[in-house]
Amino acid sequence: MKRLIFQELELVSFKTRRARRITLDRGRTVIVGANHTGKSAILKALYHAFGATPPKLSQQWREADVASMVRFTLDERPLAILHHQGAYS
C-alpha cells in the first residue's frame, strides 16, 4: 500500500504579490480557526496543486493567479509538484 504524506504547501499570488508557506506535521496536522480564516482554502489548494477542481472555488482565488507548490513523500520518496496556470512541473 502506498503511503502519501504532505509536508509543505506554498502558495504565491502573482496578482496580489503575496505568498504563504504552510508546513504540515509528519504525524498529524489539525487545522483550527474561526470561520472565514482559510481552513478550507488550504484543502482546496492541495486539490488544485494536483490538478483537481476543488468544489466552490471562489472567484477571488481564480483571479489571484496563484501558483501552488506541494512537497510530499510517497513511500518515503521525497517529491514535489508545482502548478501554475494549467502547467505542471
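Residues are numbered from 1 along each chain as its sequence is written. In this predicted model, local features need pLDDT of at least 70 and side-chain atom pairs count only at pLDDT 80 or more, while totals for chains, interfaces and linings use all residues; side-chain values use heavy atoms, with hydrogens and water left out.

Start by selecting Leu 11, Gly 38, Ala 41, Gln 60 and Trp 61: of the 30 residues lining the largest pocket, these lie nearest its centre. A pocket here is an open set of points on a 1 Å grid over the protein atoms alone, where a 1.4 Å probe fits, with protein on both sides within 12 Å along at least five of seven lines; lining residues have an atom within 4 Å of a point. The space in this one is about 930 Å³, a volume being the space filled by probe spheres set on the points.

Now colour α1 (39-49), which gives the largest share of that lining, six residues. Helices are DSSP runs of H or I, at least four residues, and strands are runs of E, at least two.

Next, pick Phe 6, Phe 50 and Phe 72, a cluster linked by ring pairs. Rings pair if their centres lie within 6.5 Å, and the count comes to two aromatic pairs.

Finish in the loops. Glu 76, between β3 (66-74) and β4 (77-84), has a positive phi of about 70° without being a glycine. Gln 85, between β4 and β5 (87-88), is also not a glycine, and its positive phi is about 50°.

Note on methods:
Rings of Phe, Tyr and Trp (its six-membered ring) pair if their centres lie within 6.5 Å; planes under 30 degrees apart count as stacked, over 60 as edge-to-face and the rest as tilted.
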